Amino acid sequence: IFSEMRVWDTESNNGVLIYLLLADKNFEIVADRGIHKHVDTTEWEIICKVMEDQFSKGNHCYGVLEGVRLITEKLKKHFPGTLEDRNVLSDKPIVTT
């Protein structure tokens, strides 16, 4: 999926995919090498824990949004960008079967 969604096709290799496996009630956060070298495993695990806590309470939408917010903080910190920068990948959720 990471490849199909072209998450690694960013100039800074800083794409992040939140992959929700609805049938398995599971998820994965997959980060490209550019952002992963700035954000250690513990930081990714904290984001996952926040999402898991919300999911366990039935707050699925909030859990995803909080995960996106926390990931965005990491991206802004390490890849602050400028007003001229554009979002290389779509933020639109992609649903596959």
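1. Burial terms come first: buried means under 20% relative accessible area, exposed means over 50%, and partly exposed lies in between (1.4 Å probe, protein chains only). By that scale, arginine 69 is partly exposed at 37%. Glutamate 66 is buried at 13%.

2. This is a predicted model, in which local features need pLDDT of at least 70 and side-chain atom pairs count only at pLDDT 80 or more, while totals for chains, interfaces and linings use all residues. Residues are numbered from 1 along each chain as its sequence is written, and side-chain values use heavy atoms, with hydrogens and water left out.

3. Now the helix pair. Helices (H or I, at least four residues) and strands (E, at least two) are DSSP runs, numbered from the N terminus. Helix H2 covers residues 41-56 and helix H3 covers residues 60-78. Their axes come within 7 Å and cross at roughly 160°. H2 is therefore roughly antiparallel to H3. Axes here are lines fitted to C-alpha atoms, for helices over the stretch in contact, with angles from 0 to 180 degrees between N-to-C directions. Angles under 35 degrees count as roughly parallel, over 145 as roughly antiparallel, 65 to 115 as roughly perpendicular, and the rest as oblique.

4. The crossing of H2 with H3 is right-handed. On the H2 side, the contact uses Glu43, Trp44, Ile47, Val50, Met51, Gln54 and Phe55. H3 contributes His60, Tyr62, Gly63, Val64, Glu66, Gly67, Leu70, Ile71 and Lys74. Contact means heavy atoms within 4.5 Å. Sorted by class, the contact has nine nonpolar, four polar and three charged residues. Ala, Val, Leu, Ile, Met, Phe, Trp, Tyr, Cys and Pro count as nonpolar; Asp, Glu, Lys and Arg count as charged; the others, Gly among them, count as polar.

5. Glutamine 54 deserves a look of its own. This residue lies in H2 and is buried, at 14% relative accessibility. Setting aside neighbours within four places in sequence, glutamine 54 contacts Asn59, His60, Tyr62 and Gly63.

6. The structure holds five salt bridges, each a side-chain nitrogen of Lys or Arg within 4 Å of a carboxyl oxygen of Asp or Glu. One of them pairs lysine 74 with glutamate 43, with 2.9 Å between the closest N and O atoms. This pair links distant parts of the chain: lysine 74 is in H3, glutamate 43 is in H2, and they are 31 residues apart. Glutamate 43 counts as partly exposed, at 21% relative accessibility.

7. Lysine 49 pairs with aspartate 53, and their closest N and O atoms are 2.7 Å apart. The two residues are four apart in H2, about one turn of the helix. Lysine 49 is partly exposed at 45%, and aspartate 53 is partly exposed at 30%.

8. Because they are three residues apart in H3, about one helical turn separates them. Glu66, Arg69 and Glu73 are linked in a network of salt bridges.

9. Two backbone angles to check. Most residues other than glycine have a negative phi. Asparagine 13 is not a glycine, yet its phi is positive, about 50°. This asparagine is in the segment before E1 and is buried at 19%. Lysine 25 also has a positive phi, near 50°. Lysine 25 sits in the loop between E1 and strand E2 (26-31) and is exposed, at 80% relative accessibility.

10. Asparagine 14 is found in the segment before strand E1 (16-21). This residue is buried, with a relative accessible area of 18%. Not counting residues up to four places away in sequence, asparagine 14 touches Asp32, Ile35, Leu75 and Phe79.

11. Last, histidine 36 in helix H1 (residues 33-36). What does histidine 36 touch, not counting residues up to four places away in sequence? Ala31, Thr41 and Trp44. Histidine 36 is partly exposed at 40%. Its C-alpha atom is separated by 11 Å from that of isoleucine 71, 35 residues apart along the chain.

Methods. Left-handed = near helix turned anticlockwise from the far one by under 90°.
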